[in-house]
Amino acid sequence: MSAPVYQVQPLIRPPDCTVSVPGSKSITNRAVLIGALADGESVLEGALASDDTRYMAEAWCRLGIAVRGDGDTGVRVSGQGGTVPAAAADLFVGNAGTAMRFLVAAVCLGHGHFRIDGTARMRQRPIQDELDALAQLGAQCRATDGCPPVTIDADGLAGGRARVRASQSSQFLSAVLLAAPYAARGVELEVAGTAIATPYLDMTIGVMRAFGVAVERDGYRHFRVAPQRYAARRYRIEPDASAAHYFLAAAALCGGRVRVHGLNARSLQGDVAFVDVLEGMGAAVVRGEDFLEVRGGAPLDGIDVDMNAISDTAPTLAALAPFARRPVHIRNIAHVRLQESDRLHAVATELQRLGVTVAELADGLRIEPSAIRPAVIETYDDHRLAMSFALVGLRVPGIGIRDPDCVRKTFPDFFTRLEALRQ
C-alpha cells in the first residue's frame with residue numbers, strides 16, 4: 001500500500017507572522033551525550049522531541065544512564081562521570097546519523113561488547129573514517145564494508161594522536177571530539193584532507209565549552225583535547241535553525257514577512273546563514289538580537305552559491321530556484337549523496353517531476369527558471385525533501401507530499417506549523 005499524501009494548499013495572501021520552531025536536533029543530541037558523560041544530573045531546556053533524539057535517549061537508557069522528561073519540562077540526564085554502566089548492549093538508532101556516529105565513539109569509553117545498528121539506509125551510510133580514527137586512539141570497532149552495523153569491544157580510550165577524515169561527514173570528527181575528554185591521556189587530532197560542514201564542528205566545540213571542556217584548535221586542521229570532565233548543568237537549547245529556515249524561505253517565496261525568535265547571527269547553528277542566501281536573492285533580512293526576520297516581495301533573483309557549510313538547506317534553495325528570474329547554481333555538496341537519501345539525485349528527480357529544467361552535477365545542481373506543473377512529490381523517507389518541496393505548494397496548486405510522516409525524524413509537527421502561515 002502506498003504512503004499517504006499531504007496536499008499542500010497555496011496561500012491566499014502573503015504570510016505576516018511570527019513562527020516558533022522546536023529545539024535544535026543537532027544541539028539536543030550533542031547535549032544529551034555530554035550530559036550522559038558529565039558528573040551529575042543535567043537539565044536540558046527546550047530539547048527537541050523527535051525520532052532522532054528519541055533514538056539517542058533510548059540508547060543511553062539501554063546503556064544504564066537515565067534520560068527522562070521532555071522539552072517542556074526539561075530533559076534530565078543522569079550523568080555517570082564518563083563511565084558506561086552497561087557491559088553489553090545492542091542498540092538501534094534508525095537513520096539518525098548523529099546518534100550512530102556519536103554513540104560509537106562514546107561507548108568506546110566503556111568496558112564490554114556493544115553493537116549499534118540502524119535502518120536499511122543507515123547500513124548504506126559510511127562510518128569507516130570514524131572507526132579508523134578511533135582505532136588510532138586504542139578502540140576496537142568493526143563494520144561491514146565500512147557501514148553499520150558497528151560492533152565495539154570497548155575497554156576505554158587510550159588517547160594519543162589520530163588522523164581523521166571528515167570529507168564525507170563532519171560528524172566523524174565531532175564524535176571523536178565529544179568522547180576525547182575521557183581518554184586516558186590527551187587526544188590530538190589532525191584532519192586529513194578537508195573537513196566539510198565546518199559550522200557543525202564549531203557547534204560541537206561550543207556545546208563542549210558550555211559543559212566545561214576546552215578544545216584547543218588550529219582552524220579546522222588540528223584539535224587538542226586534554227583529559228577533562230564535563231560538568232553537569234542546566235542548559236538551554238536554541239530553536240532549530242534548520243527547522244526555522246523553511247518558514248523564512250516561505251516569506252521570500254510568497255512575498256510576506258516571517259520572524260523566528262530565539263535565533264540570531266551568532267547562533268551555534270550554521271544554518272542561520274541561509275538568510276544570507278535569501279538576501280542574495282533579493283529578500284530583505286532583519287537580524288535582531290533575539291530574532292531573524294525575512295521579508296519578501298521583490299522577485300527572487302538567481303544565485304551561484306557554495307552550500308557546503310549549510311548543505312541541509314540546499315534542498316530548500318532548490319525548491320525556490322524555479323521561481324527565480326535567473327538560474328540557481330548550488331555547488332560543493334557532493335557529501336549529501338550519503339545522507340538520508342542521495343539528496344542530489346532525489347532533488348533533481350523531483351524537480352523534473354514538477355517540470356523544472358535541472359542539471360544534476362557531481363557536486364551540485366543547476367536549476368533554470370521554470371513553470372511548475374502539479375505533481376505528488378516522492379520523499380525517499382527523507383524529512384528534508386518533504387519539508388523543502390512543501391514550500392512549492394504554498395505558491396502552486398496541486399502539490400502533494402507523499403509520506404509526510406517522514407518529518408518525524410526531526411520536526412514532527414512541521415505541517416501543523418506550516419499552516420500557521422495562513423493566519
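## The second largest cavity

About 70 Å³ of space lies in the second largest cavity of this predicted model. A cavity here is a set of points, on a 1 Å grid over the protein atoms alone, where a 1.4 Å probe fits but cannot get out; lining residues have an atom within 4 Å of a point. Grid points are joined across faces, edges and corners, and a volume is the space filled by probe spheres set on the points.

Among the lining residues you will find Y200, M203, D240, D312 and R384. Two elements, α1 and α6 (198-210), each give two or more residues to this lining.

## The largest cavity

The structure holds four cavities of 30 Å³ or more, and the largest has a volume of about 340 Å³. Of its 26 lining residues, R125, S169, Q171, D312 and Q339 are the closest to the centre. Helices (H or I, at least four residues) and strands (E, at least two) are DSSP runs, numbered from the N terminus. The elements giving two or more residues to this lining are α1 (25-37), α3 (97-107) and α11 (383-390).

## Backbone points to look at

The peptide bond from P148 to P149 is cis, with omega near 5°, and P149 lies in strand β9 (residues 147-155).

In the loop between β22 (375-377) and α11 sits Y380, whose phi is positive, near 60°. D381 is placed in the loop between β22 and α11 and has a positive phi of about 55°.

## About the model

Residues are numbered from 1 along each chain as its sequence is written. In this predicted model, local features need pLDDT of at least 70, side-chain atom pairs count only at pLDDT 80 or more, and totals for chains, interfaces and linings use all residues.

Methods: Side-chain values use heavy atoms; hydrogens and water are left out. On a 1 Å grid over the protein atoms alone, a cavity is a set of points where a 1.4 Å probe fits but cannot get out, and a pocket is an open set with protein on both sides within 12 Å along at least five of seven lines; lining residues have an atom within 4 Å of a point.
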